[in-house]
Amino acid sequence: MSLISVGTMAFDAIETPFGKVDKIVGGSGTYVAYAASNFVTPIQQISIVGYDFPAEEMDLLKKRGVQLEGVEIVPDKKSFFWSGKYHNDMNTRDTLVTDLNVLADFNPVVPESYQGADFLMLGNLSPSIQLSVINQLKVRPKLIVMDTMNFWMEIALDGLKEVLKKVDVLMVNDGEARQLSGEVSLVKAAKVIMDMGPAFLVIKKGEHGALLFHKNHVFSAPGLPLEEVFDPTGAGDTFAGGFIGHLAKTKDISFSNMKTAVIVGSAMASFCVEKFGPNRMKEITKKDIETRLGEFVQLVNFDIDLVA
Ligand code: AMP
């Protein structure tokens with residue numbers, strides 16, 4: 001069961017209340033690939049990097065079953081660079097620098113060998129790039145999941161709405177759901193957004209977990225209360241990778257399996273924040289994932305005697 005993942009592969013500079021790194025590998029596509037490859041291979045990556053992206057990082061991804069035929073290497077330009085600084089609550093951050101570099105000319109070409117993939121993860125990128133990938137696929141994947149951000153709502157709303165008509169699941173955070181819908185209530189926001197196209201909506205709420213909406217149903221997944229959160233960078237993409245990785249592994253795209261997928265996504269994101277950049281994602285084993293999923297089950301498991 002193959003999964004195409006489209007997203008950035010980048011360098012990040014990150015500052016949190018607990019420390020600072022000037023240059024660490026990041027990018028939405030990198031985090032999705034690290035998370036999803038725990039559940040399904042191959043991951044068929046589509047991205048663009050410059051001459052400076054480390055060959056060792058590419059090799060590490062390849063060893064995990066990530067195919068890189070769709071990753072363009074531009075010999076005379078630098079990789080995408082992003083820098084962010086987190087506030088004390090670690091749920092909010094300021095973007096300090098966005099250097100598009102190679103991303104400015106990104107015109108993805110889906111390799112022939114990727115055709116026929118059943119699952120497509122559209123990472124946070126311009127809606128026109130997301131649309132171009134959808135349009136190049138000869139057979140529509142069984143499930144298309146899309147991530148986006150406030151930036152695209154501000155500068156490319158029409159394009160974003162066009163892509164929304166073609167995807168099955170949208171993932172946004174609570175602020176973005178409110179911005180896109182113009183509604184304050186997340187329940188009302190979900191209805192407005194699902195009317196724009198996606199049959200399923202995931203609203204991420206940082207350390208407080210995520211909500212999954214479909215028709216009149218809603219499911220709430222907790223965030224795992226962690227003693228130490230070092231760096232939330234990539235948590236959203238890691239969540240997305242765990243979510244779609246689980247669905248691709250189980251080949252089941254029902255609402256009830258999506259509930260499990262949201263828990264798997266939350267569990268993967270809870271690892272991601274434990275170290276800077278994708279470092280924790282490189283270490284974890286299947287056993288670690290199983291143990292953590294057990295902790296999620298315990299977290300929400302309770303007995304109740306109904307009074308009424
Ligand atoms: P997240 O913390 O899940 O929102 O994702 C953080 C990652 O997204 C970082 O590793 C960045 O390199 C990448 N990123 C930041 N801004 C953008 C952007 N405008 N387009 C694509 N990727 C971005």
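Predicted model: local features only at pLDDT ≥ 70, side-chain atom pairs only at ≥ 80, totals over all residues.

Residues are numbered from 1 along each chain as its sequence is written, and side-chain values use heavy atoms, with hydrogens and water left out.

S28 belongs to helix α1, residues 28-36. Helices (H or I, at least four residues) and strands (E, at least two) are DSSP runs, numbered from the N terminus. With a relative accessibility of 6%, S28 counts as buried; buried means under 20% relative accessible area, exposed over 50%, and partly exposed in between, using a 1.4 Å probe and protein chains only.

Now widen the selection to the whole of α1. Nine of its nine residues are buried, so α1 is largely enclosed by the rest of the structure. Among them are G29, Y31, V32 and Y34.

**The sheet**

Switch to cartoon view and follow the strands. Nine of them make an open sheet with mixed pairing, in the order β5-β4-β1-β8-β9-β10-β11-β12-β13; two strands pair if DSSP finds at least two bridges between them. The edges are β5 (66-74) and β13 (217-221), each with a single partner strand, so one side of each has no neighbour in the sheet. On average, neighbouring strands here are turned by 15° against each other, direction ignored.

Next, select β9 (residues 143-147) and β10 (residues 169-173), which run parallel and are joined by three bridges. Which residue of β10 is the bridge partner of D147? It is M171.

Helix α2 (residues 55-63) packs on the sheet, where it touches β4 (43-50) and β5, and its direction makes about 160° with that of β5. Axes are lines fitted to C-alpha atoms, for helices over the stretch in contact, and angles run from 0 to 180 degrees between N-to-C directions. Then pick helix α3 (residues 127-136), which lies across β1 (3-6), β4, β8 (119-122) and β9 and runs at about 165° to β8.

**Aromatic stops**

Show the rings. Those of Phe, Tyr and Trp (its six-membered ring) pair if their centres lie within 6.5 Å; planes under 30 degrees apart count as stacked, over 60 as edge-to-face and the rest as tilted. By this rule there are three aromatic pairs. One of them is the tilted pair of F11 and F53, at 5.9 Å centre to centre with 40° between the planes. F11 sits in strand β2 (residues 10-16) and F53 in the loop between β4 and α2, 42 residues apart. Buried or exposed, what are F11 and F53? Both are buried.

Move on to F18 and F230, whose ring centres are 5.8 Å apart with planes at 70°, so this pair is edge-to-face. F18 is in the loop between β2 and β3 (19-26) and F230 in the loop between β13 and α8 (235-250), so the pair ties together parts 212 residues apart in sequence. F18 is exposed, at 52% relative accessible area, while F230 is partly exposed, at 28%.

A charge sits over a ring if NZ of Lys or CZ of Arg is within 6 Å of the ring centre and within 35 degrees of the ring normal. For another example, select R292, which lies over the face of F271 at 4.1 Å from the ring centre.

**The nonpolar cores**

Finish with the interior. A nonpolar core is a set of buried Ala, Val, Leu, Ile, Met, Phe, Trp, Tyr and Cys residues joined through side-chain atoms within 4.5 Å. The largest has 55 residues, and those with the most contacts inside it include V145, V169, F243 and M258. Helix α9 (residues 255-272) gives the most to this core, with eleven residues. Select M258 and display its surroundings: leaving aside neighbours within four places in sequence, its contacts include L143, V169, F200 and F243. Apart from this core lies another of 47 residues, among them F106, M146, A190 and I193.

Note on methods: Contact = heavy atoms within 4.5 Å.
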